[in-house]
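Me: Could you walk me through a few features here, with the general idea and then the case at hand?

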Amino acid sequence: MQKKFLLAVIVVLIITNIATLLLWNDDEKVALDNNGSEIDQDKPVATVDGEEFSYKEWMKSLQENYGEEQLKGMIDQAVVKQLADKNNIEIDDKVIAREVAMLTSMQSPMSVKETKKKVNEWREDILYRYQLGALLTADTSIPEEEIRTHFEEYGDQYNFQASLQLSHIVVPDFGTAEKVKKELDNGASFDLLAQEYSTDEETKKSGGYLGLFVNKSQFLPGGYLETASQMDERTYSEPFQSDAGVAIIYLHQKLPSITFKYEEIKPYIKRELALGKSNQTLTADPLWDKLDIDWVFGE
């Protein structure tokens, strides 16, 4: 069931983010991204050994290959939002937080800016997916006993355990550790120092990144969890003696514990079971007839 959930997340993310919205602009320059980069429409967007590709050729290719799919995705989003508003379908923030935590746990470390951007994108996708599921299963009945049995058997899968995302630098002695700490204090990169100094061959190439661990994990060296639990996010520790050597750890993020009682998760289990019984996929196509839709690719 966990694999089905992850697949559903991936499918929705792909559908809703497959291409950039195509906007024809009469200005000489158009925005390339949100960082202020611009494209001059009168100049080639690429050259290959003298062969030039114009802005118009690029836009035409994007429009022909992704234009219809992107526009359909925008309409799907509008359909679900409007119908959810009409039917007063709201998704519990706790459910959304759990989904965000799960997606975060599958990511490599991100900066504050990257994290904020990703979380905003995820929240939109999660809200869309759950509202879509609610709309598709609104008329489907699932016996109370069946929902409760499912919860008793699989309820733990809806919970998220508190976790820590960590990197580390391990060195042979406190003298070396203090040298590393001084460089960190002077603004040096934790990743680069891990690559230079760390004796942990398995993690040094990736900047000392260890991964995400639940707060009761038995897979971390002694002292790591105790030290990390006293730290703020995106800070590094003082050197300390661990089972692996003298260590300095970096705490990227703390993810909180999220658990559900039966009544809290019951509506979402019902929708999940209803979707499974009807063999419906998470597509807004069946909902289009409920609204007046006119689009350029329509008949």
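**Reading the fold, piece by piece**

Reply: Let's start in a loop: arginine 234 sits between α8 (224–228) and β7. Helices (H or I, at least four residues) and strands (E, at least two) are DSSP runs, numbered from the N terminus. The model is predicted, so to speak of local features we need pLDDT of at least 70, and of side-chain atom pairs 80 or more, while totals for chains, interfaces and linings use all residues. Residues are numbered from 1 along each chain as its sequence is written, and side-chain values use heavy atoms, leaving out hydrogens and water.

Me: What is the phi of arginine 234, and how accessible is the residue?

Reply: Its phi is positive, about 60°, although arginine 234 is not a glycine. Arginine 234 is partly exposed at 26% relative accessibility (buried is under 20% relative accessible area, exposed over 50%, partly exposed in between; 1.4 Å probe, protein chains only).

Me: Which loop holds aspartate 49, and is aspartate 49 buried or exposed?

Reply: Aspartate 49 lies in the loop between β3 (46–48) and β4 (51–53). Aspartate 49 also has a positive phi, about 50°, without being a glycine. With a relative accessible area of 84%, aspartate 49 is exposed.

Me: And serine 237, where is that, and what does serine 237 touch?

Reply: Serine 237 is in the loop between β7 (235–236) and β8 (240–242). At 4% relative accessible area, serine 237 is buried. For contacts, look for heavy atoms within 4.5 Å. Leaving aside neighbours within four places in sequence, serine 237 is in contact with Lys181, Thr227, Met231, Ala247, Ile248 and Ile249.

Me: How many helices and strands are there, and how much of the chain is buried?

Reply: The protein chain has nine helices and nine strands, and 38% of its 299 residues count as buried. Take the contacts between residues at least 6 apart in sequence: 71% of them join residues at least 24 apart.

Me: How do α2 and α4 cross?

Reply: The axes of α2 (residues 55–86) and α4 (residues 112–136) come within 10 Å and cross at roughly 65°. The crossing of α2 past α4 is left-handed (near helix turned anticlockwise from the far one by less than a right angle; clockwise would be right-handed). On the α2 side are Asp76, Gln77, Val80, Leu83 and Ala84, meeting Tyr128, Gln131, Leu132 and Leu135 of α4. Those residues divide into six nonpolar, two polar and one charged (Ala, Val, Leu, Ile, Met, Phe, Trp, Tyr, Cys and Pro are nonpolar; Asp, Glu, Lys and Arg charged; the others, Gly among them, polar).

Me: How many aromatic pairs does the structure hold?

Reply: Seven. Rings of Phe, Tyr and Trp (its six-membered ring) pair if their centres lie within 6.5 Å; planes under 30 degrees apart are stacked, over 60 edge-to-face, the rest tilted. Tyrosine 130 and tyrosine 268 have ring centres 5.6 Å apart and planes at 85°, so that pair is edge-to-face. Tyrosine 130 is in α4 and tyrosine 268 in α9 (residues 262–278), so the pair ties together parts 138 residues apart in sequence. Both tyrosine 130 and tyrosine 268 are buried.

Me: Which residues form a tilted pair, and which form a cluster?

Reply: Phenylalanine 190 and tyrosine 250 are tilted, at 5.4 Å centre to centre with 55° between the planes. Phenylalanine 190 and tyrosine 250 are both buried. As for the cluster, ring pairs link Trp288, Trp295 and Phe297.

Definitions and conventions:
Axes are lines fitted to C-alpha atoms, for helices over the stretch in contact, and angles run from 0 to 180 degrees between N-to-C directions.
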